[in-house]
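Hello,

Please have a look at it alongside the text.

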Amino acid sequence: MRFDPNTDGAYPGWGDLMVVLIAFFASLLPAQLFVTYIKPADVGVFLGYIAHFGLAIAFVLWYMRMRGEPKPDIGLSLHGAVWGPAVWGFIAMAGASVVIEPLLLLFPKRYFDVLSEVSNLGVWVSVSAVALAPFCEEVLFRGLIQGPMAKRFGTRTAIVCSAVAFGLAHGVPPQAANAMVMGLILGYVYSRSGSIWPAVAIHLANNLISFIQSEASQGFVPVRDLFPDQRIYWAVFALAVVVSGLAIRKLATYPETVIGREQG
């Protein structure tokens with residue numbers, strides 16, 4: 001007898017999504033052991049990250065098999081990948097990061113201090129953020145959550161659900177809000193590129209730029225603080241609105257691609 005958290009037996013259902021999210025957060029517990037007991041701290045965070053996402057991805061694959069689902073194709077092949085959406089997606093992400101910043105700054109400063117403290121732990125934290133996170137997070141949230149959901153609920157619903165899950169996974173409120181917006185763009189790129197790698201590439205580029213900015217300024221510095229004359233800042237803000245809007249419009253011209261066909 002197959003385990004089924006839904007009422008209709010179809011996969012994936014909303015019950016399945018809840019099971020996956022609960023398992024994702026539960027996998028933080030064994031990962032925390034590495035963070036607590038492995039020194040130096042940055043190595044502990046690095047190993048904890050591997051444990052966290054390794055357990056989460058392994059669970060989802062096992063869970064799909066238990067639900068009677070064949071192994072999914074999440075777009076790991078580079079063959080047939082369309083890279084145009086990645087270019088426009090990256091431009092949209094760059095513009096969106098400026099547009100949503102005033103909303104993020106409404107959160108208390110202590111949250112940004114926490115993010116700065118974590119990023120300053122050491123080199124292995126940077127490796128986790130720049131090298132591991134783009135691949136692991138895209139496999140889980142776009143490949144294993146968005147892909148199967150798109151087959152049942154449609155692309156738009158799947159993109160929104162994966163973006164919300166992606167945001168919740170980041171925990172710290174301003175980072176979670178930012179991740180939800182970026183997740184919408186990453187999901188849009190994934191749905192139009194025929195492969196997971198374009199989304200991984202712009203995710204990596206985004207994290208790398210954030211890392212370089214953090215290292216150069218020794219912490220988070222709002223874009224508005226880079227412009228002593230606030231009239232220039234608001235001009236940049238307006239430009240970011242236009243550029244991100246045009247990039248998303250251009251991204252929408254690419255047809256949806258079929259990712260997530262099952263492998264027997």
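**Helix packing**

Helices α1 and α7 are roughly antiparallel to each other, a label used for angles over 145 degrees. The axes of α1 and α7 (residues 123-153) cross at roughly 170° and come within 12 Å. Axes here are lines fitted to C-alpha atoms, for helices over the stretch in contact, and angles run from 0 to 180 degrees between N-to-C directions. On the α1 side, W14, L17, V20 and F24 make the contact, and on the α7 side L140, F141, I145, M149 and F153; contact means heavy atoms within 4.5 Å. By class, these residues are 9 nonpolar, no polar and no charged. Nonpolar covers Ala, Val, Leu, Ile, Met, Phe, Trp, Tyr, Cys and Pro, charged covers Asp, Glu, Lys and Arg, and the others, Gly among them, are polar.

Before going further, a word on the source: this is a predicted model, in which local features need pLDDT of at least 70 and side-chain atom pairs count only at pLDDT 80 or more, while totals for chains, interfaces and linings use all residues. Residues are numbered from 1 along each chain as its sequence is written, and side-chain values use heavy atoms, with hydrogens and water left out. Helices are DSSP runs (H or I, at least four residues), numbered from the N terminus.

Helix α1 (residues 14-26) also packs on α3 (residues 41-66), at an angle of about 155° and with the axes 9 Å apart. This pair is therefore roughly antiparallel as well. D16, V19, V20, A23 and F24 of α1 meet H52, F53, A56, F59, V60 and Y63 of α3. That contact has 9 nonpolar, 1 polar and 1 charged residues.

Then there is α9 (residues 173-193) with α10 (residues 197-217): their axes lie 8 Å apart, at an angle of about 150°. That makes α9 roughly antiparallel to α10. L186, V189 and S193 of α9 meet P198, A199, I202 and H203 of α10, and the contact has 5 nonpolar, 2 polar and no charged residues.

Lastly, where do the buried residues of α4 pack? They pack against α5 (101-104), α9, α10 and α11 (230-251). The buried residues of α4 (under 20% relative accessible area, with a 1.4 Å probe and protein chains only) include G84, P85, G89, M93 and V98. Helix α4 (residues 84-99) has 16 residues and reaches 23 Å from its first C-alpha to its last, close to the 22 Å expected at 1.5 Å a residue.

Best wishes

Notes: Helix = DSSP H or I, 4+ residues; strand = E, 2+ residues; numbered from the N terminus. Parallel < 35°, antiparallel > 145°, perpendicular 65-115°, else oblique. Expected span 1.5 Å × (residues − 1). Buried < 20%, exposed > 50% of the residue type's maximum accessible area, 1.4 Å probe, protein only.
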